[in-house]
Amino acid sequence: MLHWLLLSLMSRIKTFVLYLIGVVLLVFGNRKIFSDLWNTLFPKKPIDYNKDIEKDFSHENIEYDSIQGRFVNHVEYFEIVRYGDDVTDVMKQARSTTRIESDNAETASDSL
Amino acid sequence: MPKQPQTAYKIPVYLTQERRCFYANIKVKLPLSCSESLFEEVYGVMDVVDRYYNSYTRGSYIDQINENAGDWVEVDDYCIWLLEELKQFSALFDGVYDITAMPLLKLWGFYNKNQQITPSEIALKDVLQKVNYNQIEIKGNSVKIAKGQEIITGSFLKSFAVDLAIDFLRELGITDALINAGGSSMSVLNNEIHPCWKVNIPSVNEEKEQRQIQLANTSFSYSAMSNNYKLIQGEKHSHIINAITGNPSNIQQVVVVAKSCFESDVLATALYATGNEYEKYIPILEELNASGFVVDANGVETAFGNPLKEEV
């Protein structure tokens, strides 16, 4: 009788311990659940990273010229004009040649 | 007692690039805060000038004028401006400086390494008939030179390109920069933090040390015979030729500081071309607010304009 009672008690304790482990794993096994819950309860306002970026650019108004059938920019601006598809030697020369110098004296020369 | 912090000396630091353009090494120095991509734009400005106006560039306006000598050629406003300005400078120097001097340079063998004789008087007389800036005709946007004439842009074009590049930088708000076109022409921008750039002027006399001058928001040009000459039978002949006599100048050195690089380059070349008569033309440079000095064939130095600021 005592033996049967002990076995029954052990079985219940085992069930209880396993149930507890299950609950602990359910709650703490998924860490994201709390941050998700927090974000759901207190949603963050989205940050607009582009909000102030326009301050760094100049704006030009482009008008549509219906007679010429094209957009016209009345603001004068500097434009590098090129002709042909070829790139001249001076523009091909690698950018990697940039170096750092102080304001050391230049030397006059007639040698080019 | 605690150690006192050492004084921090601020050394201006620049991004520097050097590229070949106009058959010269063009060096550009920009403040460290500038984007590296700005070099592309600065060299882009000079590249456009090289493409459109260089007499050595096939298809440029000047090349078209030379190729169609005797006929009218349509060019743009910049080309007209350049030619009109240059004609005025030629008139100021009584035709001694002349951009149609290309046939003279060819006669003296500057484009023929094998030529080892000085031109004969008859050949000189014949070629001099083709050298005359007055025969550059301008009507509206059309230009015509006489048959047999040829314009050479070597004495002014890279400096004109430097001016445009400097204007471009100035418009961007850059107040400290340098463009050095092969050592013969430079233009500088300065601000309160960096009040001047320094330039070494080689000495023509081995006994003397080189000089160092200071430039601030100005342009500088240098003409000499140290490296650029034609050696005929052991005698050096300068590449700058008096367009009236047809003979190379014997001046040793000319330094001109002026408001624009174009102006300083033309004035330095023109004064150099005058040879022994340089003193007669110095008042013209002074009237144009140019400063500098000349070292003549005998080594005599003559300064003009405001004294150049020199490093002691």
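Guide: Let us begin with a term: a salt bridge is a side-chain nitrogen of Lys or Arg within 4 Å of a carboxyl oxygen of Asp or Glu. This is a predicted model, where local features need pLDDT of at least 70, side-chain atom pairs count only at pLDDT 80 or more, and totals for chains, interfaces and linings use all residues. Residues are numbered from 1 along each chain as its sequence is written, chains are lettered from A and ligands numbered from 1 in the order in which they are written, and side-chain values use heavy atoms, leaving out hydrogens and water.

Visitor: Why is the meeting of Glu18(B) and Arg99(A) called a salt bridge?
Guide: The N to O distance is 3.2 Å, and the limit is 4 Å, so the pair qualifies. Across the interface of chain B and chain A, the rule finds 5 salt bridges.

Visitor: How do you know that E3 of chain A and E1(B) pair?
Guide: Strands (DSSP runs of E, at least two residues, numbered from the N terminus) pair if DSSP finds at least two bridges between them. Strand E3 (residues 99-102) of chain A and E1(B) have 4 bridges, in the antiparallel sense, so they pair. In this pairing, Arg99(A) stands opposite Thr16(B).

Visitor: What makes up the contact between chain B and chain A?
Guide: Contact means heavy atoms within 4.5 Å; chain B brings 51 residues and chain A brings 28. Thr16(B), Arg19(B) and Arg51(B) supply 17% of the area that chain B buries against chain A, more than any other three residues. Buried area is the accessible area (1.4 Å probe) that two parts lose on being put together, summed over both.
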